[in-house]
Amino acid sequence: MPVGRRAMLQSTFRNHVLNTLTPEDFALLRPSMHHVELAIKARLEIAYQPIEHVYFPETGIASVVATMTGGRQSEVGIIGRHGMTGVAVVLGQDRSPNETYIQLASIAWCLPAEHLRIAIAESQTLQPSLLRHAHAFLIQSSRTALVNSQSKIEERLARWLLMVDDLIEGDKIYLTHELLATMLGSRRPGVTTALQMLEYRGLVHAKRGEITIVDRTGMIKLTDGAYGEEEQRHFGIAG
């Protein structure tokens, strides 16, 4: 739902991709963008269907989710204020095999994908700038694949909560155990047990639909290297 256009300086935009474009590239995109509010579970990209819009979040988080035959799902990346959706468009494609939907309610800038293609064709610097974000997202995705295959579920959960905490305002993460299970590609009982373990160790406080990180240093230690340098490097590249 559009909430109107605002006369804003580029430096005041809260999305880092938009904020760090050259003024000339930003001017190519700005007339076609509008502000939107995105509710939880809003679909931004549907697997194997043309991508119609690209989103630059200012708040909230979108999840990029892969689906196996039979319906099993697992998150392969998260997108917040440091990034953008539509990586496939930046790479010259019109669709993705993955689904992207809102995980935590978001306010974002919305740009028609066709307008982004036109702007890329008109600028020699826009696509290289956006490709830096695409590269950062691929780093995050490859790191997620490594961690999901090698780390224990409590380590994966701690890493994921830390990454979300990096992107949200405030100290509370609102989500269900069912959603956590999808994000981690695990069964719900296993996620519930892992969350109880984090709470028992005094690392988080959890209640229905809400998680608060109490001991961030302890959470980082628990990940045993699964969260750290690569995550921070990702955000540095993207921002």
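This is a predicted model: local features need pLDDT of at least 70, side-chain atom pairs count only at pLDDT 80 or more; totals for chains, interfaces and linings use all residues.
Which element gives the largest share of the lining of the second largest pocket?

Residues are numbered from 1 along each chain as its sequence is written, and side-chain values use heavy atoms, with hydrogens and water left out.

On a 1 Å grid over the protein atoms alone, a cavity is a set of points where a 1.4 Å probe fits but cannot get out, and a pocket is an open set with protein on both sides within 12 Å along at least five of seven lines; lining residues have an atom within 4 Å of a point. Grid points are joined across faces, edges and corners, and a volume is the space filled by probe spheres set on the points. Helices (H or I, at least four residues) and strands (E, at least two) are DSSP runs, numbered from the N terminus.

Now the opening question. The element is α5, with three residues. The second largest pocket holds about 260 Å³ of space. It has 17 lining residues, and V87, A88, S96, N98 and F137 are the closest to its centre. Two or more residues come from each of β5 (73–79), α3 (87–90) and α5 (126–150).

The largest pocket has about 310 Å³. Among its 13 lining residues, I40, K41, Y101, T176 and L179 lie nearest the centre. Elements giving two or more residues here are β6 (99–104) and α7 (177–184), and β6 has the largest share, with four.

The whole structure has two cavities of 30 Å³ or more. The largest cavity has a volume of about 100 Å³. Of its 13 lining residues, E75, T144, R159, W160 and M163 are the closest to its centre. At least two lining residues come from each of β5, α5, α6 and α7.

That brings us to α6. Of the 15 residues in α6, 14 are buried, where buried means under 20% relative accessible area, with a 1.4 Å probe and protein chains only.

The largest one has 33 residues, and W160, L161, V204 and M219 have the most contacts inside it. α6 gives the most to this core, with eight residues. L161 touches I173, L198, V204, I211, I213 and M219, leaving aside residues up to four places away in sequence; contact means heavy atoms within 4.5 Å. A second, separate core has 22 residues, including A88, W109, A113 and L126.

Last, T223, in the loop between α9 (216–222) and α10 (229–238). Is T223 buried or exposed? T223 is buried, because its relative accessible area is 0%. With residues up to four places away in sequence not counted, T223 touches E155, A158, R159 and L162.

Notes. Buried means under 20% relative accessible area, exposed over 50%, partly exposed in between (1.4 Å probe, protein chains only). A nonpolar core is a set of buried Ala, Val, Leu, Ile, Met, Phe, Trp, Tyr and Cys residues joined through side-chain atoms within 4.5 Å.
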